[in-house]
Amino acid sequence: MFSQPEKEAVYKAIYTRRDVRTFLPDAIPEDIVHRILTAAHHAPSVGFMQPWNFIIVSSDEVKEKLAWAADKERQALAIHYEEEKQTKFLGLKVQGLKEAPITICVTCDPTRGGSHVLGRNSIPETDALSTACAIQNMWLAATAEGLALGWVSFYKKNDVRDILNIPPHIDPIALLSIGYTENYPVKPILESANWEKRRELDALIFEDGWGNKKDPTNGN
């Protein structure tokens with residue numbers, strides 16, 4: 001299905017992708033934005049419900065409001081951390097919302113497809129999980145296009161609903177700032193800040209049930 005160089009390109013995008021907070025103001029060509037959104041729209045979705053919508057924000061006024069919502073929540077969340085970690089947390093940038101030429105709000109419509117969507121009847125949250133697949137596609141496509149993307153994940157959803165006129169039943173899943181950058185991290189920002197380390201994969205893999213580790217001595 002894929003040549004060796006094509007395989008390597010896919011894995012390169014996966015391993016290179018980073019959450020970025022520093023952007024240049026340079027405009028992104030419309031055809032590139034469209035390609036990124038097309039990649040998102042080709043994500044898998046349970047029951048083929050395709051629950052996503054994409055609100056492209058380019059207005060400085062609206063960006064300022066979104067940055068206010070994110071900073072307000074950042075300040076509120078800081079009280080949950082001890083002194084050193086609180087300092088690190090407050091040092092995390094939200095200015096990317098104002099710096100990036102565009103921010104895309106990815107939403108999830110839990111009513112799309114009606115009351116009986118195949119698969120969602122059993123696991124209701126599959127609509128949000130499907131939307132997350134679209135976000136991952138956007139991230140990998142942006143990386144392949146030489147763009148940086150930052151996922152702002154702290155805000156009150158009702159603040160974002162009010163700012164972007166989103167109906168009450170629609171879930172604003174993510175604010176994704178996209179643009180070019182001169183500071184593309186080699187490692188995840190939180191790893192570089194010693195917030196957390198990448199866990200060892202082998203410790204996360206079980207065999208035929210939770211907690212069952214493969215015995216390297218007999219192959220079981």
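This report describes salt bridges, nonpolar cores, a cavity and selected helix residues in a predicted model.

## Basis of the description

The model is predicted, and local features need pLDDT of at least 70, side-chain atom pairs count only at pLDDT 80 or more, while totals for chains, interfaces and linings use all residues. Residues are numbered from 1 along each chain as its sequence is written, and side-chain values use heavy atoms, with hydrogens and water left out.

Helices (H or I, at least four residues) and strands (E, at least two) are DSSP runs, numbered from the N terminus. Residues are called buried under 20% relative accessible area, exposed over 50% and partly exposed in between, with a 1.4 Å probe and protein chains only.

## Salt bridges

Side chains of opposite charge can pair when their charged atoms come close. The structure holds 10 salt bridges, each defined as a side-chain nitrogen of Lys or Arg within 4 Å of a carboxyl oxygen of Asp or Glu. One of them joins R35 to E145, at 2.8 Å from N to O. Because R35 belongs to helix α2 (residues 30–41) and E145 to the loop between α6 (126–144) and β3 (148–152), this pair ties together parts that are 110 residues apart in sequence. Both partners are partly exposed, R35 with a relative accessible area of 41% and E145 with 27%.

Another salt bridge links K65 and E61, with an N to O distance of 3.7 Å. These two residues both lie in helix α3 (residues 60–77), four residues apart, about one turn of the helix. K65 is partly exposed at 41% relative accessibility, whereas E61 is exposed at 54%. E196 and R199 also form a salt bridge, in which the closest N and O atoms are 3.8 Å apart; E196 is partly exposed at 43% and R199 is exposed at 60%. Through shared partners, salt bridges join D31, R35 and E145 into one network.

## Nonpolar cores

In soluble globular proteins, nonpolar side chains tend to be buried together. A nonpolar core is here a set of buried Ala, Val, Leu, Ile, Met, Phe, Trp, Tyr and Cys residues joined through side-chain atoms within 4.5 Å. The largest such core has 22 residues, of which I28, I36, I104, M138, L147, L176 and I178 touch the most other members. The elements that give two or more residues to this core are α2, β2 (102–108), α6 and β4 (171–179), and the largest share, six residues, comes from α6.

Taking contact as heavy atoms within 4.5 Å, and leaving aside neighbours within four places in sequence, I104 is in contact with L37, F54, I55, I56, M138, A174, L175, L176 and I178.

## The cavity

A cavity is found on a 1 Å grid over the protein atoms alone, as a set of points where a 1.4 Å probe fits but cannot get out, and its lining residues have an atom within 4 Å of a point. Grid points are joined across faces, edges and corners, and a volume is the space filled by probe spheres set on the points. The count comes to one cavity of 30 Å³ or more, and about 30 Å³ of space lies in the largest cavity.

The lining of the largest cavity consists of 10 residues, and R21, G96, L97, V152 and S177 lie nearest its centre. At least two lining residues come from each of α5 (96–99) and β3, with β3 giving the most, three residues. By class, the lining has six nonpolar, three polar and one charged residues, where Ala, Val, Leu, Ile, Met, Phe, Trp, Tyr, Cys and Pro count as nonpolar, Asp, Glu, Lys and Arg as charged, and the others, Gly among them, as polar.

## Buried helix residues

A13 lies in helix α1 (residues 4–16) and is buried at 15% relative accessibility. Not counting residues up to four places away in sequence, A13 touches L140 and T143. In helix α6 is D127, which is buried with a relative accessible area of 9%; leaving aside neighbours within four places in sequence, D127 is in contact with M49, P51, C108, P110 and R120.

In helix α7 (residues 157–164), the residues D159, V160, R161, I163 and L164 are buried, and what covers the buried residues of α7 includes β1 (52–57), α3, β2 and β4. Just after α7, N165 takes a positive phi of about 55°.

Conventions. On a 1 Å grid over the protein atoms alone, a cavity is a set of points where a 1.4 Å probe fits but cannot get out, and a pocket is an open set with protein on both sides within 12 Å along at least five of seven lines; lining residues have an atom within 4 Å of a point.
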